[in-house]
Amino acid sequence: MEIKRIGIVMNGVTGRMGTNQHLARSITAIIKQGGIKVSNDLTIMPDPILTGRRDYALKALAEKYGQEARGEAYKYTTDLQGALDGKYGDHEIFFDASGTLQRAGFIEMAVKAGKAIYCEKPTAVETCEAVRLAKLVEGAGLKNGVVQDKLWLPGFRKIKMLKELGFFGKILSVKGDFGYWVFSGMDYDQPAQRPSWNYRAEDGGGMMIDMFCHWRYVIDHVFGPVRSLVAYGATDLDQRRAEDGTPFQCTADDSAYAMFVLEDGTMVQFNSSWCTRVRRDDLLTVHVDGVNGSAVAGLREVKTQSAANTPKPTWNPDIPQPIDFLGGWDDVPNNIDYDNAFKIQWELFIRHVALDEPWSYSLMEGAKGVQLAELGMESWKERKWVDVPELA
């Protein structure tokens, strides 16, 4: 059997998402499973080099996950340009999980080096910049992609399966509820569980720029193209505490509420908040109502209620509710093993680069998410519905 090595420059993986989802649960997991088996004659094996600013942090990650995956540390360096230039070996792919505001500079470096480019979302905080980067990469003839992980979550895969099987019939509406309470760090013994830059607009933070990028690709790929929207944002907590213990003034929205009308007229609503206490099945739930049936999805599990099993309630607030509304739903079974969503997309992108297999999740697709976020902020500031035009 041929084992085809593919080198990956992994930049900015010392952050929470970069470490957990991309390094540990994706690339390291792929190496541990023996690579990506294409056929009985071919396996693709990732070979990462970790890059970033903090030598000690890179060293710790390289040793921990390299030893775990293959019995020796991964390569690492603070010399990103050297890694792109081949100073530390050949690497076909450049991946970036750094801060949003730094992403453009790193992508430009990778373009000059002729690398295939894969990066976290959002690719920018303004649509024109996201489109510029997409055109820059495409103009150079480089394979490229942006992380759109939620498409491979078991919950959304099950919803898409139900839709393809005709379970819903005509879909009437979709209601998404996302978020949880992110501690401000201002209270005794209650440290914040998310990075402080998320709450500073000047550092690229904000709920709309974060989550509307997700909602765009989820809506587009699962339910249909977005035609127009109206949105409202809020900075609910005006002060939080940074990682060094210093209080700071919040300048970014930490809650966002939106209605999206799709091209076929379907209404999609998404509430997103870091200032809400969870009393639902999961941190994200999506309720889909159709003529023939409805479903409620969490990140992994989905419950359905068909038209035949729908109860007939009557309004009577003077007696205890006789219907157990939560009990009238059936679980969608886990008939297959669901792998990590980030890992699945990594494998698809690696196959796209190595084998030229089809790929739909380009930087231009990522720019659509930035566009939706920017239009959401426009709607909020100007208090109006806005249309979603095609990206040039």
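**A helix, a pocket and a loop residue**

Analyst: Helix α1 has a kink of about 35 degrees, centred on L23. This is a predicted model.

User: What does helix α1 span between its end C-alpha atoms?

Analyst: Helix α1 covers residues 16-32. A straight helix of 17 residues would span 24 Å at 1.5 Å a residue. Between its end C-alpha atoms, α1 spans only 21 Å.

User: Which elements cover the buried residues of α1?

Analyst: The buried residues of α1 include G18, T19, H22, L23 and I30. Their cover includes the strands β1 (2-11), β2 (36-39), β3 (42-51) and β5 (93-96), together with the helices α2 (55-70) and α8 (341-355).

User: Which residues lie closest to the centre of the second largest pocket?

Analyst: The second largest pocket has a volume of about 500 Å³. Its lining has 17 residues, and the closest to the centre are R280, D281, T285, H287 and V296.

User: How do the lining residues of the second largest pocket divide into nonpolar, polar and charged?

Analyst: The elements that give two or more residues to this lining are β8 (171-179), β13 (267-273) and β14 (284-290). By type, the lining residues are six nonpolar, five polar and six charged.

User: Is S184 buried or exposed?

Analyst: S184 sits in the loop between β8 and α7 (207-223). Leaving aside residues up to four places away in sequence, S184 touches A192, L237, Q239, R240 and R241. The relative accessible area of S184 is 9%, and the cut-off for buried is under 20%. S184 is therefore buried.

Technical notes
Residues are numbered from 1 along each chain as its sequence is written. This is a predicted model: local features need pLDDT of at least 70, side-chain atom pairs count only at pLDDT 80 or more; totals for chains, interfaces and linings use all residues. Side-chain values use heavy atoms; hydrogens and water are left out. Helices (H or I, at least four residues) and strands (E, at least two) are DSSP runs, numbered from the N terminus. The expected span of a helix is 1.5 Å times one less than its number of residues. The bend at a residue is the angle between axes fitted to the seven residues ending there and the seven starting there. Buried means under 20% relative accessible area, exposed over 50%, partly exposed in between (1.4 Å probe, protein chains only). Contact means heavy atoms within 4.5 Å. On a 1 Å grid over the protein atoms alone, a cavity is a set of points where a 1.4 Å probe fits but cannot get out, and a pocket is an open set with protein on both sides within 12 Å along at least five of seven lines; lining residues have an atom within 4 Å of a point. Grid points are joined across faces, edges and corners, and a volume is the space filled by probe spheres set on the points. Ala, Val, Leu, Ile, Met, Phe, Trp, Tyr, Cys and Pro count as nonpolar, Asp, Glu, Lys and Arg as charged, and the others, Gly among them, as polar.
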